[in-house]
Amino acid sequence: MSKFNPQVITKKGEQLIARALSEKGVIHWTRIVIGDGSLGSDSNDPSELEDLVSPKLDAILINSIPLGETAELIAKFSNESIVEEFDI
């Protein structure tokens, strides 16, 4: 069974959300990725990251549905290109 780490919004993500809210703009989702990276004990604050530590799968974004204060993203992942197992 997968063990998920807590979600973190990066500083760049916070800036994007603030800009969209202040300008009544729209966030255009461009990428959904799953990775298996670990920050390790000597790593920096995860909110400073600009990419995944170890990306494994890119998704095809099918739809995004605004749901009040949240959004539902519908994406398709395929494991066809995976040659080695990994934990999420």
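How much space lies in the largest pocket? About 2,500 Å³. Keep in mind that this is a predicted model, so let's take a walk through it.

**The pocket**

What kinds of residues make up the lining? Sorted by class, there are 25 nonpolar, 14 polar and eight charged residues.

At least two lining residues come from each of α1 (11-22), β1 (33-35), β3 (60-67) and β4 (70-76). Helix α1 gives the most, with six residues.

**A serine in a loop**

Now find Ser 47, in the loop between β1 and β2 (55-58). Is Ser 47 buried or exposed? Its relative accessibility is 11%, and the cut-off for buried is under 20%, so Ser 47 counts as buried. Its side chain has a polar contact of 2.8 Å with the side chain of Asp 45. Leaving out residues up to four places away in sequence, Ser 47 touches Val 8, Ile 9, Thr 10 and Lys 11.

**Charged pairs**

Side chains of opposite charge can pair when their charged atoms come close. The structure holds four salt bridges, and here are some of them:

| Salt bridge | N to O distance |
|---|---|
| Lys 12 and Glu 50 | 3.8 Å |
| Arg 31 and Asp 51 | 3.3 Å |
| Arg 31 and Asp 58 | 3.6 Å |

Start with the pair of Lys 12 and Glu 50. This pair links distant parts of the chain: Lys 12 is in helix α1, Glu 50 is in the loop between β1 and β2, and they are 38 residues apart. Both Lys 12 and Glu 50 are exposed.

Next comes the salt bridge between Arg 31 and Asp 51. Arg 31 lies in the loop between α1 and β1, while Asp 51 lies in the loop between β1 and β2, so this pair ties together parts that are 20 residues apart in sequence. Arg 31 counts as partly exposed at 46% relative accessibility, and Asp 51 counts as partly exposed at 43%.

Arg 31 also forms a salt bridge with Asp 58, which sits in strand β2, 27 residues apart from Arg 31. With 52% relative accessibility, Asp 58 counts as exposed. Which residues end up in one network through shared partners? Arg 31, Asp 51 and Asp 58 do.

Definitions and conventions. Residues numbered from 1 in each chain as written. Predicted model: local features only at pLDDT ≥ 70, side-chain atom pairs only at ≥ 80, totals over all residues. Heavy atoms only, no water. 1 Å grid on protein atoms, 1.4 Å probe; cavity = no way out; pocket = protein on both sides within 12 Å on 5 of 7 lines; lining within 4 Å. Points joined across faces, edges and corners; volume = space filled by probe spheres on them. Helix = DSSP H or I, 4+ residues; strand = E, 2+ residues; numbered from the N terminus. Nonpolar A, V, L, I, M, F, W, Y, C, P; charged D, E, K, R; others polar. Buried < 20%, exposed > 50% of the residue type's maximum accessible area, 1.4 Å probe, protein only. Polar contact = N/O pair within 3.5 Å; in protein donor to acceptor, adjacent residues only side chain to side chain. Contact = heavy atoms within 4.5 Å. Salt bridge = Lys/Arg side-chain N within 4 Å of Asp/Glu carboxyl O.
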